[in-house]
Amino acid sequence: MALTDTAIRAAKPAEKPRKLYDEKGLFLIIAPSGGKWWRFKYTFDGKAKTISLGTYPDTSLALARDKRDKARQLLARDIDPGQHRKATKNARLALMADSFEAVAREWHTKRKHEWVESHAKTILSRLEKDVFPWLGSLPIAEIDTPEVLAVLHRIEERGALGTVRKVKQYCGRIFKYAISCGKRKSFDPCSVLDDSLASLPPAKHFAAIVKPEEVGALMRAIEGYGGSHIVRCALKLHGLSFLRSSELRQAKWDEIDLDNALWVIPAERMKGKKGYKVEHHVPLSRQAVKVLRDLHPLTGHNRSGLVFPGQRSHDRPISENTINSALRRLGYSKDEMTAHGFRAMARTLLDEKLKVRVEVIEMQLAHKVRDMHGKAYNRTSFMHERIEMMQQWADYLDSLRDGAKVVSLASNRAK
């Protein structure tokens, strides 16, 4: 006798599992706990088999019968419903393994050692926010240019033009990775998108002072800074070390060897996009050592170990805004000088006025520098020249501050 919904709802569990039979091999198992599972019993190649069709009431009587009938249709075509289900599941899993999101995460895992941790997190976050919701579940082999363009246009619509270019770059690398792994044919849909995207506004560079007489005035202003002694020392070291703001502000005393005039910044704090992913060596001039020795009695015994602890919390460093605010206090607007501007100042004057070899400057700026064979130099390359350069730079700043005439050392160019 065929089952009815009324009979199923009224059925009570027993001490042992009980079966309620419908028609054509369909039956319902009622567990002692009260759970109800649909089963379909059939014979294939002379063997009795059973497959699950879901639970009641999520799978209604009508839906269970529909699933049973589809299984019987497979049997009529000499196909085992159980094996067909396994094959379908495996195909679905294989498709998921080659989805855009799966391939993107695989690419990210294999490449993240190339980036600092914060940059790796940013890349994954952008993919999760701007790409995966629309392309993530699609097979990477089937994604075409219009689908990628639609994703990028969504980012454009919120005005994030810089993010558009970055996301396009990430997607392009993911498609190329998929091609190299044989998960996609040799076509990157991102390669033809440039003319379809909005142009970026002209790049706005950090304001920097690069004229020697103006640099001298800046050094005199810093020397006379009337604010916090910690901030005054940070301003001086910005000029002497030309590090990135985050690298300098987050400095810790255990990174600095004053006796040997060397500061070694751990790899995890090197933030630059073009920078090393290893520790960075900063030779300290006599002037830089003097600044740090003068500061040590004030912050050298702070429990956080920070060289430049914040005023409100000694467990956190001063902020970049603190440095920029100090420059504003000295009379320099944001269009004249910024904390990052010390790097441009040093890069320009070391090259144009002191005639230091560009690759030596670039190494000290923590930019990747490659030799004639395309191999990147290691972190200690040009160390002797960098030590000389840092002392020469500090002496040059002193001479500009004091108004002395400086003779360019053109011989450095030929070294």
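This is a predicted model: local features need pLDDT of at least 70, side-chain atom pairs count only at pLDDT 80 or more; totals for chains, interfaces and linings use all residues.

Analyst: Of the chain's 415 residues, 43% count as buried, and the fold has 16 helices and 7 strands.

On to the charges: the structure holds 30 salt bridges. Take Arg65 and Asp22, whose closest N and O atoms are 2.9 Å apart. Arg65 sits in helix 2 (residues 61–76), while Asp22 is in the loop between strand 1 (18–21) and strand 2 (26–30), so this pair ties together parts 43 residues apart in sequence. Asp22 is buried, at 9% relative accessibility, whereas Arg65 comes out as partly exposed at 23%.

With Arg111, the N to O distance is 3.6 Å; with Arg173, it's 3.7 Å. The Arg173 pair links distant parts of the chain, 59 residues apart: Arg173 belongs to helix 8 (residues 161–180), and Glu114 to the loop between helix 4 (100–111) and helix 5 (117–130). As for accessibility, Glu114 is partly exposed at 31%, and so are Arg111 at 28% and Arg173 at 32%.

There's also a network to trace: salt bridges link Glu223, Arg232, Lys236, Asp398, Arg401 and Asp402.

Definitions and conventions: Residues are numbered from 1 along each chain as its sequence is written. Side-chain values use heavy atoms; hydrogens and water are left out. Helices (H or I, at least four residues) and strands (E, at least two) are DSSP runs, numbered from the N terminus. Buried means under 20% relative accessible area, exposed over 50%, partly exposed in between (1.4 Å probe, protein chains only). A salt bridge is a side-chain nitrogen of Lys or Arg within 4 Å of a carboxyl oxygen of Asp or Glu.
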